[in-house]
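Please open the structure in your viewer and keep the selection panel at hand. The stops below are arranged so that each selection leads to the next.

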Amino acid sequence: MSAATDAGNSLAEPKVSFTNIHQVFELPKQSKNDTGAASSVVALDNVNLEIPDGQFVALVGASGCGKTTLMNMIAGLVKPTAGTVKVSGKPPRLPNLDIGYMFARDALLPWRSARRSVELPLEVRGWDRHRRRERADEMLDLVGLRDKHTQYRNQLSQGMRQRVALARTLASDPSILLMDEPFAALDARTKLTLEGEFLRIWEDGGDSRKTVIFVTHDLDEAVLLADRVVIMLPRPGRIAKDIIVDLPRPRADHLGEVRYTEEFREITQSLFDSLEGAIAPDGEVAGR
Ligand SMILES: Nc1ncnc2c1ncn2[C@@H]1O[C@H](COP(=O)(O)OP(=O)(O)O)[C@@H](O)[C@H]1O
Ligand SMILES: [Mg+2]
């Protein structure tokens, strides 16, 4: 518990804050003739979380514990049933051009080349063609796709698609990154490579690092990458544990070794122990 209590405390205003959040979703009735009371699901129950500017927070938890709902609240896509969400001190607004949102599946448009995919958020922001192209090429270089500018979605591997999605997410230089299981659909090796590359880009931000909220069900990935790990449990969705990960940075260049260090094993072990039955032996947080 030592580091857990002051994980989000800071004198500066938090970049993102959730105060007493409750979220209930009404479920549609099964059929027209269904006269039973409408059922509902408590997606989030009394969630309180403050995220300081520049912090890399991992949200870990089984399917259904409300991780995506929290992200959608930051993005302004879901308004809480009760409680207050603030982003940079204000209620979330839609669209918020200061947010980049990335998903497990790349969601690239099949008729756009890699370069034009990365240009998309810049078009939305009204950048002219020349600037857009220059920025897209710079971003594709950053994720190691220098020679893939003209390729279309179906010509790219799943790993390359996620790189393009990462480049697109970073292109407009948002100060908040919402990453919803961004590497979950990748094979183990590609996943490690992309984790390292993403972490390198983020750590290179130095004093002006972006605020990252990174959803994963992989506890090792959370501890490897994040400054702070928030573990959630389902039904109702709630925060079970909130700890600071004080592994030294930069970590990006030796992620492969970090997971075999004593410190790393101590942190993951203490998380397992504190949650007892709630975490399955393979590192995934048990849900149903
Ligand atoms: N739009 C919605 N309508 C009804 N139920 C929803 C909706 N969005 C999420 N839920 C429910 O809320 C709970 C939390 O969902 P979600 O935030 O997607 O969890 P996670 O991302 O952790 O898997 C789940 O039980 C899910 O079925
Ligand atoms: Mg989700």
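Helices (H or I, at least four residues) and strands (E, at least two) are DSSP runs, numbered from the N terminus. The model is a predicted one, in which local features need pLDDT of at least 70 and side-chain atom pairs count only at pLDDT 80 or more, while totals for chains, interfaces and linings use all residues. Residues are numbered from 1 along each chain as its sequence is written, and chains are lettered from A and ligands numbered from 1 in the order in which they are written.

**The whole chain**

Of its 288 residues, 38% are buried. Here a residue is buried if 20 or more other C-beta atoms lie within 10 Å of its own, exposed if 12 or fewer, and partly exposed in between, with C-beta atoms placed from the backbone. Two residues are in contact if their C-beta atoms, placed from the backbone, lie within 7 Å. Among contacts between residues at least 6 apart in sequence, 72% join residues at least 24 apart.

**The six-stranded sheet**

Next, select the open sheet of six strands, whose order is β5-β6-β7-β3-β8-β9 and whose pairing is mixed. Two strands pair if DSSP finds at least two bridges between them. At the edges are β5 (99–102) and β9 (238–244), each of which pairs on one side only. From one strand to the next, the twist averages 15°.

Within this sheet, display β6 (residues 176–180) and β7 (residues 211–216): the two run parallel and are joined by five bridges. Leu178 stands opposite Ile213 in β7.

Angles run from 0 to 180 degrees between N-to-C directions, and axes are lines fitted to C-alpha atoms, for helices over the stretch in contact. Helix α4 (residues 158–171) touches β5 and β6, and its direction makes about 165° with that of β5. Helix α8 (residues 262–275) packs on the sheet against β8 (228–233) and β9, with its direction at about 150° to that of β9.

Select helix α2 (residues 114–124) and helix α3 (residues 129–142), whose axes come within 9 Å and cross at roughly 120°. Angles under 35 degrees count as roughly parallel, over 145 as roughly antiparallel, 65 to 115 as roughly perpendicular and the rest as oblique; α2 and α3 are therefore oblique to each other. To see the contact, show residues including Val118 and Leu122 in α2, and Ala136 and Met139 in α3. The residues of this contact divide into six nonpolar, no polar and seven charged. In this count Ala, Val, Leu, Ile, Met, Phe, Trp, Tyr, Cys and Pro are nonpolar, Asp, Glu, Lys and Arg are charged, and the others, Gly among them, are polar.

Keep α3 and bring back α4: the axes of α3 and α4 come within 9 Å and cross at roughly 130°. This crossing is right-handed. Arg135, Ala136, Met139, Leu140 and Leu142 in α3 meet Ala167, Leu170 and Ala171 in α4.

**Strand β1 and its partners**

Move to β1 (residues 16–26), which runs antiparallel to β2 (residues 40–51) and is joined to that strand by eight bridges. Phe18 stands opposite Leu49 in β2. Five bridges also join β1 to β4 (residues 82–87), again antiparallel, and the bridge partner of Ser17 in β4 is Lys86.

**Backbone details**

Most residues other than glycine have a negative phi, and most peptide bonds are trans. Select Asn20 in strand β1: its phi is positive, about 45°, although Asn20 is not a glycine. Asn20 is exposed, with 11 other C-beta atoms within 10 Å.

Ser88, in the loop between β4 and β5, also has a positive phi, near 50°. Pro95 is placed in the loop between β4 and β5, and a cis peptide bond with omega of about -5° joins Leu94 and Pro95.

Finish at Pro250, in the loop between β9 and α7 (255–258). The peptide bond from Arg249 to Pro250 is cis, with omega near 0°.

Definitions and conventions
A crossing is left-handed if the near helix is turned anticlockwise from the far one by less than a right angle, and right-handed if clockwise.
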